Amino acid sequence: MTPAWFARRLMLMVYTVIVVSMLVFTITQILPADAAQSLLGENATPEMLAALRAKLGLGDPAWLQYAHWARHVFTGDFGISMRTSLPVGPEMLTALSRSLLLAVSAILVTLAVAVPLGVLAALRQGKLTDTGVSLIAYLGVSLPEFVTATLLALLLADTLHWLPATGYVSPLEDFGDSIRHLALPVLTVSVILVAHVMRMMRSETLDVLKSDYIRAARLRGLPERTVLFRHALRNALLPVVTIIALDVGYLLGGIIVIEEIFAIPGIGRALMVAITTRDLPSIQAGALIMAATYAVTNTFADMAYAFLDRRIRYD
Amino acid sequence: MTELFIRLMRRPQGFIGVLLLALIAAACLFGSALAPYAPEKIDFLGRFRAPGWQNWLGADQFGRDILSRLMVGARSTVPLAFIATFVGSAAGAIIGVGSAYLGGRTDEAIMRTNDAVMAIPGLLMALLLVSTLGNGAGNAVIAIAVAFAPGMARVTRSAALNVRNQDYVKAAIARGEGAHWIIFREMLPNVMAPIVIESTIRVSFAVMLFATLSFLGVGAQPPASEWGLMVADARQYMHQAPWGLIAPSAAIALTAIAFNLVGDGLRDALNPKDER
Amino acid sequence: MIPALAIKNYTLDYVTAAGPVRVLHDISLQIAPGEVLGLVGESGSGKSSLAWALMRHLPDNASEVAGSLQLGDIDLQRLSPRALTEIRGRRLGMVFQDPSTSLNPTLTIGTQITEALIRHRGLKRRDASSLAIELLGHVDLNNPAAIMRRYPHEISGGEKQRVVIATAFGCQPDVILFDEPTTALDVITGARILELFARLRRETGVAALYISHDLALVTRVADRVAVLERGRLVEQAPAADIFRAPRHANTRVLVDAVPRPERRLVHDMPRDQVLLAASDIEVQYGSGGLFRDAPPPATKKIGFEVRGGEILGLVGESGSGKSSMARALTGLARFSGKISFEAHEIHGLRDMNAAYRRDVQIIFQHPDSSLNPRHRIDEILSRPLKLYGGDLADIPRLLDQVRLPASYANRWPHQLSGGEKQRIAIARAFAARPKLVICDEITAPLDVSVQAQIIELLLSLREATGAAFLFITHDLNLIRQIAHRIAVMRRGEVVDLLPFEDFDADHVHPYTRELMAASPVPVG
Amino acid sequence: MLSVSRRLFLAGTAIGLAGLPRIAFAEAPKRGGVLRMSVDQAASVIHPMQARVNPEYLVTELLYSNLTRLKSDMTVEPDLAISWEPNATLTEWTFKLRPGVTFHDGSPLTADDVVATINAILDPKTASPGRTNVGPIKEVAAVDPLTVKLTLTGAYADLPVALTYLNARIVPAKVIASDLASLSTTANGTGPFKLASYEPDRRIVVERNPAYYDPARPYLDRIELLVYPDRTAEASAMISGEIDLLLTTTPGEYERLVKADGVKALRTPSGQFLNINLGCDQKPFNDVRVRQALALAVDREATVGFVAGGYGTPGNDTPLSSAYHFYKNIPLKKPDIAKAKKLLADAGYPNGIDLTLVASDKPSTRTQLGVAVREMAAAAGFRINVQTMPHATYLDQVWKKGNFYVGFYNMQPTADAIFNLLYTSNAAWNETHWNNADFDKVIDAARVEADDAKRTALYAKAQDMMNAEVPSVISAFFDLLAAQRSYVDGYVLHPRGSVFRLDMVSLGAGAPKRA
């Protein structure tokens with residue numbers, strides 16, 4: 001991790017954010033229906049619309065709006081939400097923190113479950129355990145998230161009354177209650193992720209176990225436990241962990257449905273609401289913050305990988 | 001080809017997967033001819049009728065026959081997911097192979113931009129696009145295709161980079177072959193295996209993404225009998241008529257499992273490494 | 001006296017879908033304590049299977065039909081998995097072909113060497129560590145303490161192999177299996193590893209089974225040599241006798257195929273007129289970026305001439321820039337400098353017109369990768385004909401030219417053997433009726449007997465077409481048999497460019513001399 | 001009520017009303033406690049003049065007060081005004097304000113605040129939806145610190161009702177003068193509760209206003225308003241006791257809530273309806289026979305089942321349901337396919353007609369109505385393609401522009417309000433362009449008619465006209481469905497759908513202790 005490597009990574013992050021900002025801005029420009037109409041709803045009169053449009057600066061040419069917006073974003077000002085009149089930046093960052101809480105908890109649960117299962121399946125390749133574990137994996141990826149969420153809520157909240165059905169409590173307010181409320185959404189995300197990570201862990205472990213250096217370690221007379229834990233697991237985990245970091249992107253944008261069902265005011269739902277109400281500053285800020293988060297986690301993943309696997313350090 | 005098929009069928013997951021796919025294909029082809037009722041026929045007296053001799057899988061909030069809707073709906077679910085994946089994969093494959101062929105700074109620029117686009121999660125991208133293009137199954141196909149393309153470009157490119165370094169590609173360049181020949185005749189056929197495997201598995205994601213878009217109200221539109229829409233609609237009546245939720249969910253799950261099984265089977269069948 | 005290792009009537013099958021395939025027939029071998037037995041055979045002869053059988057690491061479909069494997073008084077076939085880990089490394093060590101894949105990339109050298117010492121010598125961590133440093137010093141590694149902290153990718157291939165050897169010897173086993181330990185290394189590095197092996201063997205008196213495809217090399221390190229041919233043991237003899245008096249016909253073929261500089265295969269002289277003149281060629285891979293320094297150039301403004309009908313040899317170790325030169329001449333790499341081909345002057349990729357591309361053809365090293373696996377043979381051969389003008393009806397003639405039946409036109413590349421694939425690549429090059437053919441290490445992955453046939457084919461094609469050759473290789477013995485002049489490259493520069501007969505002279509570059517010393521000339 | 005004099009009927013007074021709970025309790029309501037309730041949509045606007053949806057109306061009702069207040073029988077009671085009096089021609093109204101009322105910041109309520117508020121609502125720059133709904137106000141003036149005089153552009157009998165409008169909350173004059181926009185994020189009203197925290201997409205908390213003008217109320221110490229966007233999950237939260245009150249739910253969830261222990265499911269008929277708007281100025285709906293044919297093809301009883309899950313009342317192509325005053329019970333139109341076919345053939349479509357019916361995706365019942373009508377009307381020869389689009393797109397491209405689409409409207413406080421909103425020639429949202437001069441005359445006459453019997457006759461005539469000419473097909477009214485835990489006392493589901501009166505709510509025995 002030379003300074004040059006670091007600088008290149010930073011450049012890539014910035015590039016990602018710029019590309020995304022332009023892309024999102026373009027999309028928001030061609031969204032049909034205008035924000036003023038959408039804000040005022042069925043009560044709007046033409047003069048009210050005109051007044052609001054002028055206030056929002058919707059009449060300016062697109063590039064001017066982009067330049068204007070980019071300049072403000074650069075100073076940390078994402079604008080004011082057309083919907084709530086609150087500053088968009090802090091709102092989206094708060095939402096992001098909630099989504100990250102969900103995403104990181106889900107990743108931790110997933111790793112704790114999927115890694116041992118994946119290794120087990122790999123070690124028992126072709127045996128009953130392998131088939132059983134693979135079957136679970138297939139089930140996990142074969143239902144849409146909202147069905148999985150519904151079924152889990154039906155079982156754990158409606159029937160068994162173990163967990164609250166919906167709602168979000170900040171861990172800063174009431175930690176215990178926060179955990180109880182997070183349990184169902186985390187479980188739902190984990191069910192989907194576990195399937196994915198487990199399959200990956202299985203195939204990576206199989207690949208690593210077939211590698212020359214594992215064979216060499218065995219032929220050097222090292223006990224199977226050492227071979228597995230010191231030599232194989234480490235190398236199999238690396239790519240898995242990296243891919244999980246990439247999954248943060250999916251987790252932030254893909255859990256809109258889960259955030260909706262479990263009433264978690266995260267960034268995915270904030271964006272969904274922004275899109276349906278044509279709240280352009282929120283769409284732009286949300287997408288940008290999400291892309292930036294993705295770029296940052298990606299960079300961290302690269303750094304972690306480079307740190308753990310010294311081979312690619314200077315790539 | 002036949003050899004590959006035999007190898008695929010020899011594995012349990014490939015065999016079951018192909019069997020399920022055949023069933024689904026049959027539903028797509030003959031579903032509307034075999035369905036006992038018209039899929040949109042409403043029946044006031046039959047609302048939420050439980051499964052029985054009249055409606056084998058029960059009836060929904062309009063008294064429509066769920067079995068008939070499932071059978072007819074296969075055609076507006078699976079082929080669309082398939083087309084979306086195909087278009088996305090094809091676009092991604094061409095970008096990936098082209099980028100690998102061009103190499104150097106062009107490759108870097110294309111792939112970095114591609115990565116940047118990937119920073120927008122697929123569902124969000126699909127939502128933005130559908131909001132721009134308007135709701136509906138056709139636009140959802142486009143949105144899913146666009147959402148899939150960058151990922152496929154990445155998968156393809158890493159495979160294509162390997163191929164790019166193969167001597168037969170170098171030989172073709174040294175010979176003075178044109179870019180078209182090299183990309184489409186020398187490289188593309190040799191990266192087909194990973195593309196096909198990845199695409200097969202992605203069809204199941206597409207089915208799921210479709211369902212999610214329908215759940216969010218921007219995918220297929222009523223009265224279509226797209227499965228995801230059926231699930232989304234039935235969800236609000238799930239305590240009155242759980243069969244409305246169960247039947248299409250099971251159909252989606254089976255389809256997803258089938259494509260996953262075939263994808264995994266293909267991966268093994270195309271990878272002789274496991275065979276000694 | 002109990003032999004250190006005894007193999008008796010050992011017979012091994014692999015069970016395939018098409019039924020059992022016998023890979024080892026009734027093998028009996030003994031290695032006395034302190035003896036080194038060389039095991040030679042071409043690819044597919046079963047020598048690796050024998051090694052895996054001894055290490056008890058056979059694939060699942062292997063079936064041991066008969067025979068016994070004894071390590072001292074231990075019956076290897078009866079060991080439980082647990083007992084096996086006590087034997088491996090401790091009593092029976094192994095050194096692998098490719099040191100870069102036999103070390104775990106994510107663990108330090110220190111970890112990997114000490115864990116074996118802790119396990120097999122029962123040492124405490126600190127003692128193991130100091131012994132490891134001592135061992136690394138003993139295999140001539142500079143600053144062993146620093147090496148301990150490094151990761152495998154941070155040291156060179158030769159250093160890695162020294163680490164592996166140090167580990168194997170450090171556990172003080174009775175017998176060590178060497179599986180082609182120098183094949184993946186450069187000639188000079190390989191020669192030094194051999195020297196190290198000889199020294200350690202002298203010091204420790206360990207018994208060893210040394211497996212290799214290189215007959216000349218084996219005769220230099222082994223006391224006795226056994227020759228394996230398609231799973232059968234065809235000859236066992238003292239090392240000195242094999243070249244002098246090979247008894248079995250197969251051994252004789254093998255011996256004859258080994259290139260010897262003194263046995264010239266080319267007797268004519270090239271024409272006077274210069275076909276291709278390259279000057280100041282510099283190849284630079286990747287450019288510096290905003291935050292990235294440019295790598296050093298692969299070739300540093302070098303040049304040479306090829307005359308009509310000449311065979312110019314280009315030798316050097318990997319990374320010396322010889323392949324980059326080939327890529328520059330065929331438009332596969334960007335370069336600066338000037339190429340004159342007949343009257344045509346070329347300053348960059350854009351100047352390479354169709355005529356130049358037709359006249360200069362290249363054949364690559366790996367037959368497996370030089371043919372597109374998705375194209376049939378006839379399609380592969382049809383491309384030059386379509387591009388440069390030619391008749392598709394010529395395909396059978398092209399096949400005949402490289403001594404393959406016309407029926408091969410309908411085959412897929414994977415249905416061909418390595419040598420046959422290389423013949424197709426040759427046919428594809430000659431389909432263009434070239435004036436210069438660049439051969440980039442084309443015989444390196446082939447067995448010696450196949451290599452001899454390919455060389456013979458190339459020479460007869462040269463006879464027929466009058467084409468010149470730029471023959472790139474790392475095998476000095478081979479190139480001295482066929483080249484008119486030989487250029488020696490090192491780190492992007494040409495250090496010597498001499499007629500073949502001058503190589504025995506005194507005024508060669510010291511590097512050339514080192515290279516010659518490292519190229520094993522067969523004993524006898 | 002009918003016997004009281006005209007003057008007494010139109011004027012209002014606080015005597016004997018203020019402080020009296022609407023429902024007689026066996027014991028006095030218990031003070032204190034925290035009510036946790038949920039809404040399915042964020043209250044993203046708390047600016048009282050700009051609120052547009054029910055959760056937002058709820059929040060502004062908690063924080064602010066109007067001059068007058070709508071009771072659940074759709075009559076008016078005093079709020080900040082304790083009495084009012086029109087002149088003889090109903091063009092000038094004088095309102096007496098309640099003395100001693102203070103805003104949350106402690107400043108007293110005066111006539112100037114009322115004047116400033118009404119002027120701000122009428123100012124187009126404020127862009128308040130209330131501008132066209134607070135009545136035909138020409139001028140507003142302070143007579144003395146506790147007296148306000150409103151001058152109208154014409155006679156208007158329903159002004160006290162109009163002033164209950166959801167955006168006509170009284171805000172301080174000084175806020176209007178300095179920074180009206182600050183009300184988007186802060187609140188300063190005279191309502192029973194004060195804003196404690198505001199996170200629009202997650203939770204809004206209000207706390208008791210100790211200085212509320214009625215010393216007895218509110219009963220609750222605090223209300224937490226949570227956003228649970230998923231109706232199924234919301235109902236589950238109610239059943240498991242996570243929340244005490246949910247404002248609205250679907251028929252499917254209602255059936256589950258009815259059966260749940262400790263839950264009281266609430267239901268009230270309302271004037272909320274879906275209509276199919278027919279562009280009466282364009283082909284084919286400019287021909288009244290086509291409109292009548294469609295009306296005859298629709299099975300109204302079945303529509304209530306399909307669209308409202310049986311929780312509703314059939315409609316007769318007029319916007320008035322039994323929840324309104326002046327509702328006329330006309331015999332329900334029965335589906336008559338043969339007659340519909342004939343009407344269509346007479347109108348020049350003997351082989352049927354192809355149409356595209358647009359439905360916005362929110363609420364989803366719009367599409368359900370479309371799907372049901374499509375199937376029902378198919379027999380009569382209507383080949384209808386239902387097109388669903390996002391609500392924002394619908395508002396932009398179809399609403400008030402299309403000639404065949406599904407509309408959705410809340411109950412309005414008066415018959416005049418709903419007719420003038422949708423069906424008169426100068427209606428605010430004249431979607432159908434029916435433009436029937438006779439109808440306009442009837443509505444205008446009813447608007448200034450103070451005699452209840454005559455008004456009833458006039459509105460009956462208006463309903464007959466709509467029933468006959470079908471500017472839009474109105475086949476079903478929804479019942480409002482909600483639920484509460486059984487320990488919640490004093491909550492009445494208001495048919496208007498946007499009046500809540502949580503100041504009347506208290507927690508009875510068995511309520512959980514919430515910190």
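Me: How many residue pairs are in polar contact between chain B and chain A?
Reply: This is a predicted model, in which local features need pLDDT of at least 70, side-chain atom pairs count only at pLDDT 80 or more, and totals for chains, interfaces and linings use all residues. Residues are numbered from 1 along each chain as its sequence is written, chains are lettered from A and ligands numbered from 1 in the order in which they are written, and side-chain values use heavy atoms, with hydrogens and water left out. A polar contact is a pair of N or O atoms within 3.5 Å; within protein, one must be able to donate a hydrogen and the other to accept it, and residues adjacent in sequence count only if both atoms are side-chain atoms. Between chain B and chain A, with both residues at pLDDT 80 or more, the count of such residue pairs is six.

Me: Which helix of chain B gives the most to the side that touches chain A?
Reply: Helices here are DSSP runs (H or I, at least four residues), as strands are (E, at least two), numbered from the N terminus. Among the elements that each supply at least two residues to this side of chain B are α4 (104-118), α8 (179-215) and α10 (242-270). The most, nine residues, comes from α10(B).

Me: What area is buried between chain B and chain A?
Reply: Contact (heavy atoms within 4.5 Å) joins 42 residues of chain B to 43 residues of chain A. Buried area is the accessible area (1.4 Å probe) that two parts lose on being put together, summed over both. Carbon and sulfur atoms give 74% of a total of about 3600 Å².

Me: Which residue of chain B meets Arg199(A) in a salt bridge?
Reply: A salt bridge is a side-chain nitrogen of Lys or Arg within 4 Å of a carboxyl oxygen of Asp or Glu. The rule finds two across the interface of chain B and chain A. In one of them, with 2.9 Å from N to O, the partner of Arg199(A) is Asp264(B).

Me: How many residues apart in sequence are the parts that Arg201(C) and Asp223(C) tie together?
Reply: The closest N and O atoms of this salt bridge are 2.8 Å apart. Arg201(C) lies in helix α8 (residues 187-204) of chain C and Asp223(C) in the loop between α9 (215-221) and β9 (224-229), so the pair ties together parts whose separation is 22 residues.

Me: Is Glu235(C) buried or exposed?
Reply: Glu235(C) forms a salt bridge with Arg247(C), at 3.7 Å from N to O. Buried means under 20% relative accessible area, exposed over 50%, and partly exposed in between (1.4 Å probe, protein chains only). Arg247(C), at 59%, is exposed, whereas Glu235(C), at 4%, is buried.

Me: Where does Lys322(C), the partner of Glu441(C), lie?
Reply: The two side chains meet in a salt bridge of 3.3 Å, N to O. Glu441(C) counts as buried at 9% relative accessibility, and Lys322(C) is buried at 4%. They are 119 residues apart, with Glu441(C) in the loop between β17 (436-440) and α18 (448-465) and Lys322(C) in helix α12 (residues 322-329) of chain C.
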